Amino acid sequence: MRVLRRLPWLLFFWVLACVVSEAAGTQTEVIALPGAGDGHSALKVPVGEVAGLAVDPIGNIYFSDKAHHRIRRISASTGKISTLVDIRTPAMRTLGVRSIGAVAVDPDRGTLYAADPMSNRVWAVTEEGVAT
């Protein structure tokens, strides 16, 4: 019964994830450099496996690209994509971040939260991309 009540939301997020994947490119065109595609239209930037998706109050889309180990943002005003966090950096490894899963946005503070399913942790990311 619980699943049936959540079905509309699950369907909504599944459709939104498909739209982001379609709008942002396909995995067949993988660019392996950190921040690849930053500053370009989200329609032209390849995206790997979307593991989490969130939208802030002004319409920016945040998603975790599990295949490329990044949290990316698509700007609501420009449609351009940027890398907020790349977990392969030494700073992220120092924090003990090992993987990327679900993401959520706190609408009051503008803080992004990301789940790390491998270490069973949730970490916060500021608008500037600083993780704690």
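**Salt bridges.** I searched the whole structure, a predicted model, and found 4 salt bridges (a side-chain nitrogen of Lys or Arg within 4 Å of a carboxyl oxygen of Asp or Glu). I note that local features need pLDDT of at least 70 and side-chain atom pairs pLDDT 80 or more, while totals for chains, interfaces and linings use all residues. Residues are numbered from 1 along each chain as its sequence is written, and side-chain values use heavy atoms, without hydrogens and water.

**Asp38 and Arg72.** I looked up this salt bridge and found its closest N and O atoms 2.8 Å apart. Asp38 lies in the loop between helix H1 (2–23) and strand E1 (50–55) and Arg72 in strand E3 (residues 70–74), so the pair ties together parts 34 residues apart in sequence (helices, H or I, of at least four residues and strands, E, of at least two are DSSP runs, numbered from the N terminus). I recorded Asp38 as partly exposed at 32% relative accessible area, and Arg72 as buried at 0% (buried is under 20%, exposed over 50%, partly exposed in between; 1.4 Å probe, protein chains only).

**Asp86 and Arg70.** I found the closest N and O atoms of this salt bridge 3.8 Å apart. Asp86 in strand E4 and Arg70 in strand E3 are 16 residues apart, and both residues are buried.

**Arg109 and Asp106.** I found their side chains meeting in a salt bridge at 3.8 Å, N to O. Arg109 is exposed, with a relative accessible area of 63%, whereas Asp106 is buried at 17%. I also noted one network, in which salt bridges that share partners join Arg70, Asp86 and Arg88.
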